[in-house]
Amino acid sequence: MAAPGEDLHHVATGPAKAVVDRHQKEEELVLYGSWFCPFVQRVWILLELKQVPYQYVEVNPFQKPASLLAINPRGLVPALMHKSKPLYDSAIICEFLEEAFPSPALLPKDAYDRAYARLWIDYVSSRIIPALHRYLQFLPVTDVEGLEEKRREFLDTLKEFTKAMRPAKEGGFFLGGGEVGLVDVIAAPWIQRLWVLDEYKGPFSIPEEDGEGGVWERWRAWVKSLEGVEPLWETESEREPTRGLYKK
């Protein structure tokens, strides 16, 4: 019997491989990650945006190597070592990086705006991602009514998230400005993977009209802004090895 994760593609491909290759030199900050993991990609994007020197170490979390367990006893990625001090949990690591490396700032200066951003960072993790996983994992796909229920549930979480976006005055990012923020980084890896729903759950698309004051128009402006965030696409691997993960 093959070891857990033995059939997994072991290295990043496409643009992500080039980023990995640039970050093999030993540094005091080390990111332990898996090329396919959107939680890892949150941290990876942030490191690239902030241009923090770091070493990238690819690990197979299904096999939970000792090097990973030494940082996170649960054996999950991402895991971070900074000056020989361990950290784990993607949202916590992102908050740490924002404080330890404050330029460029991805959280606003205003205290209320920072709290507002954190509120919706939590919403992404506690509402959007679980709804996406319930939709993606729903079986059998021949249960059209059940599948549609999960699709609507997921769309409802996206709609609430979009309603919370500030008006796109200077740009389309979540807080309405022209610079990417931490809410955008936290959510972006899952938005980048929505193509998976098309392939495994039938046609999936964001509604054209909503009758609620242009909610989906605002969504599209946000997604358009994400397309300009270079580290989001530079840390993406090719789709073919990614497909292998979702076929399981």
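A salt bridge is defined here as a side-chain nitrogen of Lys or Arg within 4 Å of a carboxyl oxygen of Asp or Glu. R134 forms such a bridge with E153, with the closest N and O atoms 2.4 Å apart. R134 lies in helix α5 (residues 111–137) and E153 in helix α6 (residues 144–163), so the pair ties together parts that are 19 residues apart in sequence. Helices are DSSP runs (H or I, at least four residues), numbered from the N terminus. Across the whole structure, the search finds 14 salt bridges.

The model is predicted: local features need pLDDT of at least 70, side-chain atom pairs count only at pLDDT 80 or more, and totals for chains, interfaces and linings use all residues. Residues are numbered from 1 along each chain as its sequence is written, and side-chain values use heavy atoms, with hydrogens and water left out. The predictor's confidence in each residue is given as pLDDT, from 0 to 100. Its mean for the protein is 92, and 95% of the residues reach 70 or more. Confidence is highest in α2, at a mean of 98, and lowest in helix α11 (residues 239–246), at 84.

The domain assignment gives domain 1 (14–100) and domain 2 (111–244); such bounds come from an automatic or database assignment. The C-alpha centres of the two domains lie 23 Å apart. Domain 1 brings 19 residues to the contact and domain 2 brings 23, where contact means heavy atoms within 4.5 Å. About 2000 Å² is buried between the domains, and carbon and sulfur atoms give 65% of that area. Buried area is the accessible area (1.4 Å probe) that two parts lose on being put together, summed over both. In domain 1, W35, Q41 and R42 lose the most area to domain 2, together 32% of what that side buries.

Polar pairing also links the domains. The count is 10 residue pairs in polar contact, both residues at pLDDT 80 or more. A polar contact is a pair of N or O atoms within 3.5 Å; within protein, one must be able to donate a hydrogen and the other to accept it, and residues adjacent in sequence count only if both atoms are side-chain atoms. On the side of domain 1 that touches domain 2, α1 (14–22), α2 (38–50) and α4 (90–100) each supply at least two residues. The largest share, nine residues, comes from α2. That side divides into 14 nonpolar, two polar and three charged residues. One salt bridge is found across the interface.

Technical notes:
Nonpolar A, V, L, I, M, F, W, Y, C, P; charged D, E, K, R; others polar.
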